[in-house]
Amino acid sequence: MARRTKEEALATRELILDAAERVFHQRGVSRTSLQEIAKDAGLTRGAIYWHFENKGELFHAMMERVTLPMMARMTEITPDDEARPLDKIRRNTATALRQVASDAQVRRVFEIAMQKVEYVDEMQEMQQRKISGRNECMDDMQRLLQIAQQRGHIKADAHLRNATIGLFALVGGIKYNWLLDPEAFDLEAVGLATLDAYLAGLKTSSVV
């Protein structure tokens, strides 16, 4: 019975997250109430509060449902990755861009995060969590660039933090502009071509 109750609770939680994703995408986060999410899910507002303390926590859980599996794949570094760290960065970028372009749920969640949320009132804490997550991603990216520099793949005088910030801004900017107008360009093709041009400026002449 306890196992069944736990499974039912998990199913209800997923139902709430699905509803939040739909309503946030339709109305924007600030204009959405928990009552509207409850109605969309066919539940009471009390059921939402049983799982989530407030709208900010619900938003965070909705984001993590998509981003955590993506990050788990990207942060794992194998011996092959250490041998060719720039290839790892390129594969990570290709995978992320492909998912945004081809997976409807991933695209929807990134549209919410980039276009339909204001970090005010109860969402202010979520801004700090977003910054923390961004910093973790940048640290992982810088670690790969550091390995590349140690192996002589990128210039010895390259400023790694600046290079990381530029790389992160490049990929984020490509995603943001594609989400504004998906018909404007091929996200993966243009994103990788731009990434290659950026990395070419960091590489030593002996690396192709």
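I began with helix α4, which bends by about 40° at glutamate 64; the bend at a residue is the angle between axes fitted to the seven residues ending there and the seven starting there, and helices are DSSP runs of H or I with at least four residues, numbered from the N terminus. The model is a predicted one, in which local features need pLDDT of at least 70 and side-chain atom pairs count only at pLDDT 80 or more, while totals for chains, interfaces and linings use all residues. I number residues from 1 along each chain as its sequence is written, and side-chain values use heavy atoms, with hydrogens and water left out.

I next looked up the span of α4: its 21 residues, 55–75, reach 29 Å from the first C-alpha to the last, close to the 30 Å expected at 1.5 Å a residue, where the expected span is 1.5 Å times one less than the number of residues. At the N-terminal end of α4 I found asparagine 54 as the cap, with a side-chain oxygen 3.0 Å from the backbone nitrogen of glycine 56. I then listed the buried residues of α4, among them Leu58, Phe59, Met62, Arg65 and Met70; buried means under 20% relative accessible area, with a 1.4 Å probe and protein chains only.

I turned to the largest nonpolar core, which has 39 residues, and noted that Phe24, Ile37, Ile48, Leu58, Phe59 and Met62 touch the most other members. Such a core is a set of buried Ala, Val, Leu, Ile, Met, Phe, Trp, Tyr and Cys residues joined through side-chain atoms within 4.5 Å. The largest share of this core, eight residues, comes from α4. I noted that domain 1 (1–52) and domain 2 (55–202) both give residues to this core, so it lies between them; the domain bounds come from an automatic or database domain assignment.

For leucine 58, leaving aside neighbours within four places in sequence, I recorded contact (heavy atoms within 4.5 Å) with Ile16, Leu17, Ala20, Leu34, Ile37, Ile48 and Phe52.

My next entry concerns glutamate 21, found in helix α1, which counts as buried because its relative accessibility is 3%. I found that its side chain makes polar contacts with the side chains of arginine 65, at 3.2 Å, and arginine 108, at 2.7 Å. A polar contact is a pair of N or O atoms within 3.5 Å; within protein, one must be able to donate a hydrogen and the other to accept it, and residues adjacent in sequence count only if both atoms are side-chain atoms. Beyond four places in sequence, glutamate 21 is also in contact with residues including Met62, Gln105, Val109 and Ile112.

Last, I looked at lysine 88 in helix α6, which counts as buried at 6% relative accessibility. Not counting residues up to four places away in sequence, lysine 88 touches Arg73, Met74, Glu76, Asp81 and Leu144.

Methods:
Helices (H or I, at least four residues) and strands (E, at least two) are DSSP runs, numbered from the N terminus. Buried means under 20% relative accessible area, exposed over 50%, partly exposed in between (1.4 Å probe, protein chains only).
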